[in-house]
Amino acid sequence: MAHIHSAVKLNNGVLMPWLGLGVYKAEAGEEVKQAIHTALAAGYRHIDTASFYNNEESVGEAIRETSVPREEIFVTTKVWNDDQGYDETLRAFETSRQKLGLEVIDLYLIHWPVSGKFVDTWKALEKLYAEGKIRAIGVSNFLIDDLEDLMKHTEIKPSVNQVEWHPRLVQTELQEFCQKHGIQVEAWSPLGRARLLDEPVLTELAEKHGKSAAQIILRWDLQKQIVTIPKSVTPERIKQNAAIFDFELTDEDIKKIDALHTGERYGPNPADF
């Protein structure tokens, strides 16, 4: 994790950058395109979108407009709940691929574990992966029970599990399960939707290291071996979020942040979503 291009090797050998730009709630058109252009200019090489975000077309346009070679940009998108099921997922993937204008998607995720459907959805992902249309396949918002059920009925283990993760929700047991099975954990809402930025522990650590509270959280993610995709459309914040490779938290710092865990979620609970 020496620089912004640092990447983790997934369980199938594909390299995934530790830091990415999330574009949830980034408006299609110029807003999301400018955010991506800013991020790529700042060194980001990882963009995370989803069909549910309704901005895949603009994400694809931004990637085509940049001078950064396509093979250097890691692109994630996701199949939404209404499109789950075997045939439905195959159609949804093709729609996403056409909107993005990409021959190959780097990572395709099941957005939520829809009961009774996610196994068939995963089998569609396995087919697309075997056909070379996806470089890696994974899930999002899966709990341990969901992962166990999925792996019991399918051939390929997920490469990634993207979940809500921030100092108020340190999902240690889930992370340990994923590490045991070679599944990389990725954080969505890593900054707790900006609700944690005034937390005294984080502001004190920010002062100690000469960084912002957001930078402290993102660095904590990396040192916890968590891929992180902070969302922003503000150029200065996008650049600031990338400036986390020139310092290191101590073990004591990390323990202080871990101790902020309360189990509080800012998004839906997968157990009853």
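**Close-up views of salt bridges and an open sheet**

**Figure 1. Salt bridge between E252 and K256 in helix α10.** E252 has a relative accessible area of 53% and is exposed, whereas K256, at 39% relative accessibility, is partly exposed. Here, buried denotes a relative accessible area under 20%, exposed one over 50%, and partly exposed a value in between (1.4 Å probe, protein chains only). The model is predicted, with local features requiring a pLDDT of at least 70 and side-chain atom pairs counted only at pLDDT 80 or more, while totals for chains, interfaces and linings use all residues. Residues are numbered from 1 along each chain as its sequence is written, and side-chain values use heavy atoms, with hydrogens and water left out. The closest N and O atoms of E252 and K256 are 4.0 Å apart. A salt bridge is defined as a side-chain nitrogen of Lys or Arg within 4 Å of a carboxyl oxygen of Asp or Glu. Both residues belong to helix α10 (residues 251-258), in which they are 4 residues apart, about one turn of the helix. Helices (H or I, at least four residues) and strands (E, at least two) are DSSP runs, numbered from the N terminus.

**Figure 2. Salt bridge between E236 and K239 in helix α9.** The closest N and O atoms of this pair lie 3.7 Å apart. Helix α9 (residues 235-242) contains both residues, at a spacing of 3 residues, about one turn of the helix. E236 is exposed at 55%, and K239 is partly exposed at 43%.

**Figure 3. Salt bridge between R97 and E94 in helix α3.** R97 counts as buried, with 14% relative accessibility; E94 is partly exposed at 27%. Their closest N and O atoms are 3.0 Å apart. The two residues lie 3 residues apart in helix α3 (residues 86-100), about one turn of the helix.

**Figure 4. Network of salt bridges linking E30, K33, E61 and E65.** These four residues are joined through salt bridges. A search of the whole structure finds 16 salt bridges.

**Figure 5. Open sheet of 8 strands with parallel pairing.** The strand order is β3-β4-β5-β6-β7-β8-β9-β10. Strands β3 (21-22) and β10 (227-228) stand at the edges with a single partner strand each, so one side of each lacks a neighbour in the sheet. Strand β3 pairs with β4 (residues 46-48) in the parallel sense over 2 bridges, pairing being assigned if DSSP finds at least two bridges between two strands. L21 stands opposite I47 in β4.
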